[in-house]
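Please open the model in your viewer and keep the selection panel at hand.

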Amino acid sequence: MNSNSTDEAVELLQRVFGYAAFRGKQEAVVSHVMTGGSCLVLMPTGGGKSLCFQVPALLRPGLAIVISPLIALMQDQVDALVQNGVAAAFYNSTLSFEQKRKVKAQAINGELKLLYVAPETLNALDFRAFLQSLTIGLIAVDEAHCVSQWGHDFRPEYLQIATLRQELNSNIPLIALTATADPVTQKEVRTRLGLTSDPVFCSSFDRPNIRYQIALKKSGKEQLFEFINTRHAGEAGIVYVMSRAKTEEIATWLSQKGMKALPYHAGLDQNTRRTHQERFLRDEGVVMVATIAFGMGIDKPNVRFVAHLDLPKSIESYYQETGRAGRDGDPASAWMVYGLGDVVQLRQMIESGEVGEAFKRLSQQKLNAILGFSETVRCRRQALLAYFGESYPEQCNNCDNCLEPQNTWDATLPAQKALSSIFRTGQRFGAGHLIDVLLGKETERVVQFGHVKLSVFGIGKDLKEKEWSSVFRQLAAANYLTVDPDNYGAFKLNEQSWTVLKKGQQVFQRVDPVTTKAEKKARKTPVQPTDWNDANTELFQNLRTLRLELAKEQNLPPYVVFHDSTLREMASRKPSNLSELALIPGVGEAKLKRYGQAFLEVLRT
């Protein structure tokens, strides 16, 4: 892209979207696509992926087709584009016959620049024929990791995208975008979308505004309530749990505690799911308690926290789910508690699943990776980014391990005792019974099975029950023992077990914290910018009130009018006229004309 084209792109960015300059790799991507190039873009959630295809779509001739996996996501993006004065529409199963006819007519008449479609729609023969009658200038594939058959969000319809491109015109530039792809997934995406000879634009996976915090699960609900109440009271957040029943339980419990909490899972009827999702998007301060069925299509920028009450299945899942916090760049939290029960349950689910052995092995490897991340004593950000092949040389000072460094201890002898207890009791029992044996407790079951006569009975009295629970948990996390799904989660020995028992392999484990100093320190850290004061806070809230009124009048989520970060800039700079307001990031030409006077009135009063 020559200098004139660059100037044209920057001018459009300012005029339409209200931003004075591109960020990071955006300009390089836009330049490449503008000249007809295809590529894969790896950019973290909140990193500005959408602009990478929206700007070229507006400057290139023809219509841009945007393939998006979820209806809520495409509707949000279309609403936001229309607010910015862009001719955009979506075509999916929610539209009536008449609405579909109108969108097709707009596309044929050249009245649209971007058309968002669901992957299922692309597979309909009549729609593919319709596309062949149009001048297509660009194909954008959002959430491109959905093409990976090994991934956690696989959508089989994505496999047809490369064929569609060949049918239309193989020279049409294709841009694939995702925030979640390890090196193996990246290779698969490029292969399946026909991008093997095209460049990859990879931004840092780091989300510096997110604070990572992981603790042992003691009393999960109470820990969750304390975290929200002390750190994010009245703010929007997502709580992920493993089961449908648990979403209902936790949402009800939080509601009884005075929070605006709603459940979301695939078992709810469609109307309830849609109503709850709309409340989360359009109301302020709603906490959504959900299974992984919720979230990929959520474009809400001011989610201030994502909490996990159960361990995710992989680091990819964890990264994508926590990435829904702080999309606006303001401080946000990724909080999680987990325990030995999570490890046992997930290993059981993997082994008992009706999938091939290769997929089971991959799932176990991914589980081992998230367990290692949870138990690590190093900087969380370093460990997380290393998984995606990125180096982060410094301590981040924005995670629990940096704020309160963890101690380790030589647990080789206790590990040998623990593994011996598994062997001596016949590899038929879980942690609770084994701990009773090690502590020399003559419980009914210990006596019943004759385990009082074993050599391992009572050899673990030097440690307390909680300490033994930690030893077993960390042995399971490090794959020094195996969970038997066919025997109620009993522990069994594996090859790594014998490296400890027979070969004297050293085992180092983290010392579980007695007090949560990191949590206390985190609570004291100001969420607002250092120059933020009470007057700014009051003005910011007044601007949010106006935004909510304007959004309700148009049946839109508030953030489609303006992001919190834009309102915060208004409250800080206090522009006094339209020219000054136009300099606020996020205030484009259309929004200045539509909302400028109303917001200036609040700023003046």
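For the opening stop, an axis is a line fitted to C-alpha atoms, for helices over the stretch in contact, and the angle between two axes runs from 0 to 180 degrees between N-to-C directions. The model you are looking at is predicted.

Select helix 15 (residues 357-375) together with helix 21 (residues 465-477), whose axes come within 9 Å and cross at roughly 135°. Angles over 145 degrees would count as roughly antiparallel and those from 65 to 115 as roughly perpendicular, and helix 15 and helix 21 are therefore oblique to each other. Now show the side chains where they touch: Asn368, Leu371 and Glu375 on helix 15 meet Arg473, Gln474, Ala476 and Ala477 on helix 21. Sorted by class, this contact of helix 15 with helix 21 comprises three nonpolar, two polar and two charged residues.

Select Tyr212 and Tyr318, whose ring centres are 6.3 Å apart and whose planes stand at 40°, so the pair is tilted. This pair links distant parts of the chain, since Tyr212 belongs to strand 8 (residues 210-216) and Tyr318 to helix 13 (residues 315-322), 106 residues apart. Are these two tyrosines buried or exposed? Tyr212 is buried, with a relative accessible area of 1%, and Tyr318 is buried as well, with a value of 0%.

Move on to Phe227 and Trp335, an aromatic pair that is stacked, with 5.0 Å from centre to centre and 10° between the planes. Here too distant parts of the chain are linked, with Phe227 in helix 10 (residues 220-231) and Trp335 in strand 13 (residues 332-338), 108 residues apart. Both Phe227 and Trp335 are buried.

Then select Phe205, Tyr319, Tyr387 and Phe388 at once, as these residues form one aromatic cluster.

Two further selections bring a charge and a ring together. At Phe225, the charged end of Lys257 sits over the ring, 5.0 Å from its centre; at Phe373, the charged end of Arg380 sits over the ring, 5.8 Å from its centre.

Finish at Ala245, which lies in helix 11 (residues 244-256). Ala245 is exposed, because its relative accessible area of 57% lies over the 50% cut-off.

Terms used:
Residues numbered from 1 in each chain as written. Predicted model: local features only at pLDDT ≥ 70, side-chain atom pairs only at ≥ 80, totals over all residues. Heavy atoms only, no water. Phe/Tyr/Trp six-rings, centres within 6.5 Å; stacked < 30°, edge-to-face > 60°. Helix = DSSP H or I, 4+ residues; strand = E, 2+ residues; numbered from the N terminus. Buried < 20%, exposed > 50% of the residue type's maximum accessible area, 1.4 Å probe, protein only. Lys NZ or Arg CZ within 6 Å of the ring centre and 35° of its normal. Parallel < 35°, antiparallel > 145°, perpendicular 65-115°, else oblique. Contact = heavy atoms within 4.5 Å. Nonpolar A, V, L, I, M, F, W, Y, C, P; charged D, E, K, R; others polar.
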